[in-house]
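Me: I would like to learn how to read helices and strands in a model. Please take me through one.

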Amino acid sequence: MTTATQTARGPKATNPNTEVSGTPQSTDNFVRNPQIAFWKPFQGKGCAIFFEYNASKKCVFFEMRPETQGGTDDDPKFDKDRRVLSKLGFADLGEMLAVIKGRKEGAGLNKDGKGWSMFHKNANGNTAITFERTENGIRVGMSAKVGDAAANRQSANITVGEATLLEIFLTNAVTGMCG
C-alpha cells in the first residue's frame, strides 16, 4: 500500500504509512485542510481514497480517483479527471462511524437485502456511497452519475487498521463541525 498527501500541485506519494494531517497549514497562499488518504493500487485497476475536512463548509469531502495505466505499485498514477466526489455531512459521518465501530454492517439503507448505500442527489446528478464491513476491513465505494452519462464507479477495501485511523479522523471532523 502506498499513501498520499495533498500538496498544492495534487497528491504526492509518501511512505507506506497512512498520513493524517492535523491543522490547516498555509504555504504560498495554499491552505491545506486536514486530510487522510489511502492509495490502493492494484494492477492498474485500483484507486485513491481521500477524506478532507473543510472547516469553513462544516463538512468532509470524500473523493475517489481511479488508477491509470503507466504506474507501478511503487509509483501508482491516479486520474483526477475521472474522480468521483461527494460532500459528507453529519448524518453521513455518523453512519460511517457506526460501521467502523461495529454498530452497523453498512452505512445508509439496506434496501431489500441488496446492499448498503447512502444516496445523494443534486441538480447535476446523483451519487451512491457504499461503506460496509467485510471479513478483513471495510469496502468503500462510490458511484456518480451526471445526466445521461454512464455511472462512474470506484471501490476499494481498507484494512481494520486503516479504518481505525479513519475513525479518529472522522471523529475529529465531527468535533470540528460542532464548533
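Me: Which exposed residues does the face of helix 2 turned away from its buried side carry?

Reply: This is a predicted model, where local features need pLDDT of at least 70, side-chain atom pairs count only at pLDDT 80 or more, and totals for chains, interfaces and linings use all residues. Residues are numbered from 1 along each chain as its sequence is written, and side-chain values use heavy atoms, leaving out hydrogens and water. Helices (H or I, at least four residues) and strands (E, at least two) are DSSP runs, numbered from the N terminus. Buried means under 20% relative accessible area, exposed over 50%, and partly exposed in between (1.4 Å probe, protein chains only). On the face of helix 2 turned away from its buried side, the exposed residues are V160, N172, T175 and C178.

Me: Which residues of helix 2 are buried, and why do they line one face?

Reply: An α-helix has 3.6 residues a turn, so residues three or four places apart point the same way. In helix 2, the buried residues are E162, A163, L166, F169, L170, A173 and M177. Seen down the axis, they fall within an arc of 120 degrees, so they line one face of helix 2. The arc is that of the directions from the helix axis to the C-beta atoms.

Me: Which strands does strand 7 pair with?

Reply: Two strands pair if DSSP finds at least two bridges between them. Strand 7 is joined to strand 6 (residues 47-54) by eight bridges and to strand 8 (residues 84-88) by five; both pairings are antiparallel. F62 stands opposite S86 in strand 8.

Me: Why is strand 7 largely enclosed?

Reply: Seven of its eight residues (59-66) are buried, so the rest of the structure largely encloses strand 7.
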